[in-house]
Amino acid sequence: MIAFFPQIYPDELLYSQIARYHAHGGYSNLVFTMTDIYKNANLTLPSVEFVNQYTEDAMKWITKNKLWESVVEQHTMYPAYIRFLPKSRRGEAVSGIIGCNGNWKKLMCLPVLNEKKYLRYCPECAHEDREKHGETYWHRAHQIPRIRICPRHQCFLECSDIPISSKTAPGLFDAESNIPKNSIPRKCNSDREIGFTQYVLDVMREPIDTQNDLAIGKYLHSRLPSDYVNESGLVRNIEKLYHDYLLFFGDNMPTMTQSYMQKIFNGYAYDNYFILQMAYFLKISVQEITHLPNDIPSTNLREIYQQLSAKHRIDISIVEEIASAVLKYSNQQNIAVRKSGPRAIQYDKLDEQYLPQVKTIVEQMLSNEGKPQKLSFAKVQKALNLPQKQINKLPQCKAYIEQNLESQEAFWAREVEWAVSVMDQENHQISRSRIMKMTNMRPNDIECCCPHIKNKETQTLVQSLLNE
C-alpha cells in the first residue's frame, strides 16, 4: 500500500517521479518498490522514456492531480518520436502508449544513435532545482535525442552514469543522488544551435494532431523556395538544397545525409530531429509545423492548363495529355543525364563531404575508450547512414578505412588489453578465464594475439597466464 507519493515537477519524466518515490520511501530493496508500482514486478524493466503497466494503487497516485493522458503527453518522451508519423501509425502509437498495451514501441520512429544513451542533465537547471525544490530531477527536455544543450542556460548537457537501455539491469535512479553538485557548466557559443534547440522544445510542448493525414514530406516540399525546385514545382534540386542545409547548420551540429533528406521528402523517413531541422532551415514557424493544413495543392499546373486551354481554345483534356507526355519525356531525359557526368560529380562532392566524418568514426572505433570495436566498411557505412555499398564509390573515404583496417589478431589484442585494464581498475583478480569470459575468446585466440599486445607489461602478464 502506497502511503506517500511525491508530486511531479514541471517537465519531469514519469520515471524520475517514481525514482524519487523509491529514494524517499526508505526501501531497503528495489523489489519492494517494484511490487508497489509495477503490475509484473518480477518481469518489468522500468521504462526511462515511456510507460509501464502500473498497479491500481500506483495509478491513483500518478493521476492524482493530472489525467493519465496529460501525464503521458507531458512527462514521457513519446511526443519526441511520433509527431510526423503517418496518420494510422501515429494513432496506433498514441493509443498503445496511453493504454499501456500493444507493440507501440515498434510503431515509433526511434532514432539509431551511434553512441550509448545516458540520462542527461543541465548543471544550471540542477542548481536551480535544488534551490527551489530542495532536490533536482530528470528533466524531459534534456533527454531529446541529438539535442546537446539547454537553451535556457545556453550550456551543454552532461551525461550521468545512468544508461537508457533495455539491456541494463532494472533500477530506479533518482537525479538528486546521481547528479554531482559541483558540475561546471560548459557554455555553448552557437546562436544557431541555441535557437534551433529552443525551436525543438517549443514544438515538443505543442499538442499532437492525431487526425491530420498530410504527409510531412509533401508539406516540406510545398514550402521549398523557388531556388530549390524547377518551374513546375515538381522536381527538387536536392544537391543544392542539401549543400545549403549543411552550410546553415555548420560542422558541429548533428546533420543527416543527403539520402536521408530525400527519404523524408518521399515519405520513407520520420526522424523528428531531422524533420525539424528542415522546418527550421525553411523558416517554418512552430505554429505552422504543429498545425499542418489538411491538404496542399500538388502544383499550380491545373491553373496553367486552364490558361492555355482558354488562350488557344483547346479542350483542357488535350492540354493535360500533351503536358503529361512532355513532363514524362523531360523526366526521362533528366534520369539519363544523371546516370552520366553529374552523378560522378555528385560522388566526388560526397567523398569530400564525408571524409572528415569517416576520420572521426574510425578514430572513435580505434580509440581506447570502452570495449573495443572492430573497424569495418559496413560499420562505417551504417554510422553514416549510407545506402549499401555506396562507400565503394567514395575513393578517399574507402582508402582511409582500408589503411586503418586491422588484422583479427590485432583486434583480439586490443580486446585483451581492455579486459585486463577493466579488471585492474575494478580490483578483480586477473585470470585467463575472466579474460575469456569478457572477450568471448578461446585460449588459442589469446595465444595468437599475444604478440600483437602493445603494452609490454600486459603482454608478459597474459603470456604467464597462458603458461599456467
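Helices (H or I, at least four residues) and strands (E, at least two) are taken as DSSP runs numbered from the N terminus. The model is a predicted one, in which local features need pLDDT of at least 70 and side-chain atom pairs count only at pLDDT 80 or more, while totals for chains, interfaces and linings use all residues. Residues are numbered from 1 along each chain as its sequence is written, and side-chain values use heavy atoms, with hydrogens and water left out.

The protein chain contains 24 helices and four strands, and its C-alpha trace spans about 95 × 65 × 40 Å along the principal axes. Of its 468 residues, 44% count as buried (under 20% relative accessible area; exposed is over 50% and partly exposed in between, with a 1.4 Å probe and protein chains only). Among contacts (heavy atoms within 4.5 Å) with a separation of 6 or more, 67% join residues 24 or more positions apart.

Glutamate 415 lies in helix H21 (residues 408-425). This residue is buried but has no salt bridge, and lysine 371, the nearest side chain of opposite charge, is 4.6 Å away. A salt bridge requires a side-chain nitrogen of Lys or Arg within 4 Å of a carboxyl oxygen of Asp or Glu; Lys and Arg count as positive and Asp and Glu as negative, with His and the chain ends not counted. Apart from neighbours within four places in sequence, glutamate 415 contacts Lys371, Pro372, Thr439 and Met441.

The axes of H21 and helix H24 (residues 456-467) come within 11 Å and cross at roughly 90 degrees. Axes are lines fitted to C-alpha atoms, for helices over the stretch in contact, and angles run from 0 to 180 degrees between N-to-C directions. H21 is therefore roughly perpendicular to H24 (65 to 115 degrees; under 35 is roughly parallel, over 145 roughly antiparallel and the rest oblique). Val416, Glu417 and Val420 of H21 meet Thr458, Leu461 and Val462 of H24.

Helix H14 (residues 272-281) is largely enclosed by the rest of the structure, because nine of its ten residues are buried. The elements covering its buried residues include helix H5 (79-82), helix H10 (191-204) and helix H13 (258-266). H13 and H14 pack at about 85 degrees with their axes 11 Å apart, and are therefore roughly perpendicular to each other. Tyr260, Met261, Ile264 and Phe265 of H13 make this contact with Phe274, Ile275 and Met278 of H14.

Isoleucine 179 is located in the loop between helix H9 (175-178) and H10. With 4% relative accessibility, isoleucine 179 counts as buried. Leaving aside neighbours within four places in sequence, its contacts are Tyr121, Ala126, Arg130, Thr136 and Trp138.

The structure holds 15 salt bridges. In one of them, aspartate 11 pairs with arginine 140, the closest N and O atoms being 3.7 Å apart. This pair links distant parts of the chain, 129 residues apart: aspartate 11 precedes helix H1 (14-24), and arginine 140 is in the loop between helix H8 (123-133) and strand S2 (149-150). Aspartate 11 counts as partly exposed at 21% relative accessibility, whereas arginine 140 is buried at 5%. Arginine 20 forms a salt bridge with glutamate 135 at 3.1 Å between the closest N and O atoms, and both residues are buried. Glu12, Arg20 and Glu135 are linked in a network of salt bridges.
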